[in-house]
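Have the structure open while you read.

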Amino acid sequence: MVKGFRRLKRRGLAKGDRPVAEKLFMRLDPFLVRYQGDAVRISVKPREFLYIRLKYGDYQRRLIEEWRAGKLEVGEIVVNGTGVYIPFKKATAQVEPRGWIAVDVNETNVTAVSTDSHVLRFETNLREIRSAYFEKRRRIQELSKRKPKTSERLMAKYSERERNRVRDLLHKLSRRLVEFAKQHGLGIVLEDLKHIRARIRRSKRMNRRLHSLPFRRLQFYVEYKARLVGLPVVYVDPKHSSTLCPVCGGRLAPNGRRVSRCGRCGYESDRDVIACLNLLRRAPGCGEPPLPPKATEASWAEVERVVIKCRLRDNG
Ligand SMILES: [Zn+2]
């Protein structure tokens, strides 16, 4: 930031004689930061330092002590208007997975199927939350002509509240998923978004899915939490994962609201479960996932039994 300011100053574009951050945000190379007493010392220029006093609890104190003792590495430090974020890197031993669990994200739920034949379904009410806040923002917008200050304040308040809700939901969901994976010793299979982006325009379903949930952020939380407990995470190409039969590769056709049926072999199942099975098959070293020959009453009951409500209150 300081460097950028000097450049602007030279061109006569900056006012004043010191940089003023509109919105403070700095990323710092860990190399430039030392821990000193109760503060972090940031090198601004050679032999010129900025000190930021740290406030922390017991948990952070332990990490800081390990850092000082040279047992922990530190990642890119971020300073913004509310605090200093110091990411500690801990080397965790990678666990050899006993199986895999694939995750499919869609408009109303997140479905996961494992090679040890468990189906988890996390129901989310994110779409409702989003449209409720969308409506709120629209009403606040109407207020902006008559009471611009109030409108601005309300807008900031509700935007932050919505952001927090979404983040809480994603954390809750990823935590429960990774806890399950840990208990069962499962590696995690996620969809490679690079491939998804390329196909957005062609698929309505893909488009809706991407807009219904902060997809990439959920993946980030899942991967982060999985790595902390040493579970491997792999990304696979999700191409045709919801349109091809996981048993014979034939074309699937919708058969009821959530069910797909293979025109070639007659295999029939929940379409999100099918997507997961296809992802599982593409994970390296995963082997053949257990495929129920046909969705029976019993296997439906199994899916319904593991529905996990991952909802947030939608009032407020
Ligand atoms: Zn088939």
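Valine 79 has valine 84 of β7 as its bridge partner. Keep in mind that this is a predicted model.

- Strand β6, residues 77-80, and β7 pair in the antiparallel sense, with three bridges between them.
- Zoom out and you get an open sheet of three strands, ordered β1-β6-β7, with antiparallel pairing.
- β1 (25-28) and β7 (83-85) are the edge strands, each pairing on one side only.
- On average, neighbouring strands here are turned by 15° against each other, direction ignored.

**The other sheet, with a helix on it**
- β14, β15 and β16 line up in that order as an open, antiparallel sheet of three strands.
- Its edges are β14 (252-254) and β16 (268-270), and each of these pairs on one side only.
- Neighbouring strands of this sheet are turned by 30° against each other on average, ignoring direction.
- Strand β15 (residues 259-262) pairs with β16 in the antiparallel sense over three bridges.
- Look for arginine 261, which stands opposite glutamate 268 in β16.
- Helix α8 (residues 271-282) packs on this sheet and touches β14, β15 and β16, with its direction at about 100° to that of β16.

**α3 against α4**
- How do the axes of α3 and α4 cross? Helix α3 (residues 126-143) and α4 have axes that come within 9 Å and cross at roughly 175°.
- Because angles over 145 degrees count as roughly antiparallel, α3 is roughly antiparallel to α4.
- Residues making the contact include Leu126, Ile129, Tyr133 and Ile140 of α3, and Leu154, Met155, Tyr158 and Leu169 of α4.
- By class, this contact has 10 nonpolar, two polar and four charged residues.

**α4 against α7**
- Helix α4 (residues 148-184) also meets helix α7 (residues 215-228): their axes come within 9 Å and cross at roughly 40°.
- That angle makes α4 oblique to α7.
- The crossing of α4 past α7 is right-handed.
- On the α4 side, the contact residues include Leu170, Leu173, Leu177, Val178 and Ala181, while α7 brings in Leu218, Tyr221 and Val222, among others.
- Sorted by class, the residues of the α4 and α7 contact come out as nine nonpolar, two polar and three charged.

Key: Residues numbered from 1 in each chain as written. Predicted model: local features only at pLDDT ≥ 70, side-chain atom pairs only at ≥ 80, totals over all residues. Pairing = 2+ DSSP bridges. Helix = DSSP H or I, 4+ residues; strand = E, 2+ residues; numbered from the N terminus. Axes fitted to C-alpha atoms, helices over the stretch in contact; angles between N-to-C directions. Parallel < 35°, antiparallel > 145°, perpendicular 65-115°, else oblique. Left-handed = near helix turned anticlockwise from the far one by under 90°. Contact = placed C-beta atoms within 7 Å. Nonpolar A, V, L, I, M, F, W, Y, C, P; charged D, E, K, R; others polar.
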